[in-house]
Amino acid sequence: MGRYFSLSATSLLLASGTAGAQSSTQSVLEPAGAEAQQTAVLFWVMLSGGAVIWLGVVGLLLHAALVNRRRLAEKSASSIILWGGVVFPSVTLCALLVYALWLMPGLRPFAQASAAALRIEVTGRQFWWEVVYHPAQGPPVASANEIRLPVGEWVELTLKSADVIHSFWIPPLGGKMDMIPGRTNRLSIMATKPGIYRGPCAEYCGTSHALMAFSAVAMAPEAFRSWLAAQAIPAKSAGASGGALFLRHGCGSCHFVAGTDARGLIGPDLSHVGSRATVAAGILPNTEDAVTRFIARPDLIKPGSSMPAFDMLPPDDIRAIAAWLRGLQ
Amino acid sequence: MRLVPKQIETLWTLFTAPVVWAAHFLVCYIGAAIYCAKPELVGLGFSAVRAGIAAATVIALSLIALSAWLAWRQWGFGTDDPPHDDPTRRDRTLFQGFATLLLSGLSFIAVIFTAMPALFVTECIR
């Protein structure tokens, strides 16, 4: 119970701290997914149970200290200890444990009879998220730092890490799952309400751990399918000069942009970066200014990130690249 | 040969029930972990793991019940009320019996709590 309480307190703090960057929720107390709903109910049941017991104990204490200060006979004192100190806690703990265990198979539908129609592979990297959609039909679709999922459908997440241990967590949708180097973890989630939710990295992974997040966008299934189909086609951005500068200054050796000669796989896939709600893994609003600032001095915005500073480029070039990237819808 | 051991005075009887609890815990957790890591090693379904945990639980609870009965006997079947704090051999024996009985109760509940997930969990994590 202590764990749930501290988690929700932390997520409330984080949600208020990042509200400026992105108006999305990150609270386990506002569930929008099947698993999170059950976890929230479990939290309230545990909290209510704890509150009732606490009130009972404090009430007895006050009764003994203020109302009835008489010494109890040894026999009745023993029976209070037996019933209040042994039988009651054992039965109550047993009931709460049975309830929590009974929820377990539903909380983590590990091996559903029918495979999920959509599998999303997410790889944690210092300090961003590589995302590849594997729909039942059609080719895989690469993206980064944003996960979209259809409302009302189970989605299977394949979780990996390329460097250190990260942890994948979308608090309003479900519980968290570690991403461990050399290991593949699986998580099934189902969003029940459309919306944009913030997912933080939930395991300390280095200098910019706190600056590693993503947005999870739960969409109507039809809208999701047409979005995914559009993602499979290279975006066309106006401002071709920005695209040429992007290639000339070597950005393509680390970043992939579909339909261009940028074929790098070290940094985030930027094929449709203009359509994402945030940039720099959930910490900056997706505006031309923010992208410009990030290209010039990523080390100031995200200390410890692998991307070098490009402030030696002419400012106009940086701005043209940022405008072109924004146009990759 | 006697069915029930003769009453012996040693501190080790105190630890019988917690040791059974620890052994049961290890059998359940290590057994499930090995099965889920290498199911082909056993070649049976997950129901075999649950049956194994059930058997281990019955054995553990029986041993703890036996330990509790021996402790109850050492405590003189409750003829004398605690505290047994006189510096006499009799009080030392009664105290140890009572403490062992309480530990047996704790271990009994703990073994049940340890085994309870097997009632609800029906498969390994894929």
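Residues are numbered from 1 along each chain as its sequence is written, while chains are lettered from A and ligands numbered from 1 in the order in which they are written. As the model is predicted, local features need pLDDT of at least 70 and side-chain atom pairs count only at pLDDT 80 or more, whereas totals for chains, interfaces and linings use all residues; side-chain values use heavy atoms, with hydrogens and water left out.

**Chain A as a whole**

Chain A has 8 helices and 12 strands; helices (H or I, at least four residues) and strands (E, at least two) are DSSP runs, numbered from the N terminus. Of its 329 residues, 43% count as buried. Here, buried means under 20% relative accessible area, exposed means over 50%, and partly exposed lies in between (1.4 Å probe, protein chains only). Chain A exposes about 16200 Å², and carbon and sulfur atoms supply 66% of that area. Accessible areas come from the Shrake-Rupley method with a 1.4 Å probe; for residues, only the protein chains shown count as cover.

Contact means heavy atoms within 4.5 Å. Among contacts in chain A between residues at least 6 apart in sequence, 64% join residues at least 24 apart. For a sense of span, take Lys75(A) and Ile266(A): they are 191 residues apart in sequence and 74 Å apart in space, C-alpha to C-alpha. Lys75(A) sits in helix α3 (residues 74-107) of chain A and is exposed, because its relative accessible area is 74%.

**A buried lysine**

Let us turn to Lys302(A), in the loop between α7 (298-301) and α8 (315-326) of chain A. This lysine is buried yet has no salt bridge, and the nearest side chain of opposite charge, Asp163(A), is 11 Å away. For charge, Lys and Arg count as positive and Asp and Glu as negative; His and the chain ends are not counted. A salt bridge is a side-chain nitrogen of Lys or Arg within 4 Å of a carboxyl oxygen of Asp or Glu.

What does the side chain of Lys302(A) reach at 3.0 Å? It is the backbone oxygen of Phe127(A). The backbone oxygen of Leu211(A) lies 2.9 Å from a polar atom of the Lys302(A) side chain. Leaving aside neighbours within four places in sequence, Lys302(A) has contacts that include Ser208(A), Ala280(A), Ala281(A), Ile283(A) and Phe294(A).

**Backbone points to check**

Most residues other than glycine have a negative phi, and most peptide bonds are trans. The peptide bond from Gln126(A) to Phe127(A) is cis, with omega near -5°, and Phe127(A) lies in the loop between β1 (118-125) and β2 (128-135). Ala280(A), in the loop between β11 (278-279) and β12 (284-285), has a positive phi near 60°. Ala280(A) counts as buried because its relative accessible area is 16%. Asn145(A) also has a positive phi, near 60°, and is found in the loop between β3 (141-144) and β4 (146-150). With a relative accessible area of 6%, Asn145(A) is buried.

**Salt bridges**

Side chains of opposite charge can pair when their charged atoms come close. Over all chains, the structure holds 11 salt bridges, including these:

| Residue | Partner | Closest N to O |
|---|---|---|
| Arg148(A) | Glu146(A) | 3.1 Å |
| Asp299(A) | Arg297(A) | 2.9 Å |

Asp289(A) in helix α6 (residues 288-296) and Arg319(A) in helix α8 link distant parts of the chain, 30 residues apart. Asp289(A) is partly exposed at 48% relative accessibility, and Arg319(A) is partly exposed at 35%. Arg148(A) and Glu146(A) are both buried. Salt bridges that share partners also join Arg119(A), Glu121(A) and Lys160(A) into one network.

**A nonpolar patch on chain B**

Which residues form the nonpolar patch on the surface? They are Phe25(B), Leu26(B), Tyr29(B), Ile30(B), Ile34(B), Leu41(B), Val42(B) and Leu44(B), with about 780 Å² of accessible area together. Patches are made of residues with over 30% relative accessible area and no salt bridge: like charges are joined within 9 Å, nonpolar side chains (Val, Leu, Ile, Met, Phe, Trp, Tyr) within 5 Å. The elements giving two or more residues are α1 (12-37) and α2 (39-42) of chain B, and α1(B) gives the most, with 5 residues. Ile30(B), in helix α1 of chain B, is partly exposed, with a relative accessible area of 46%.

Key:
Polar contact = N/O pair within 3.5 Å; in protein donor to acceptor, adjacent residues only side chain to side chain.
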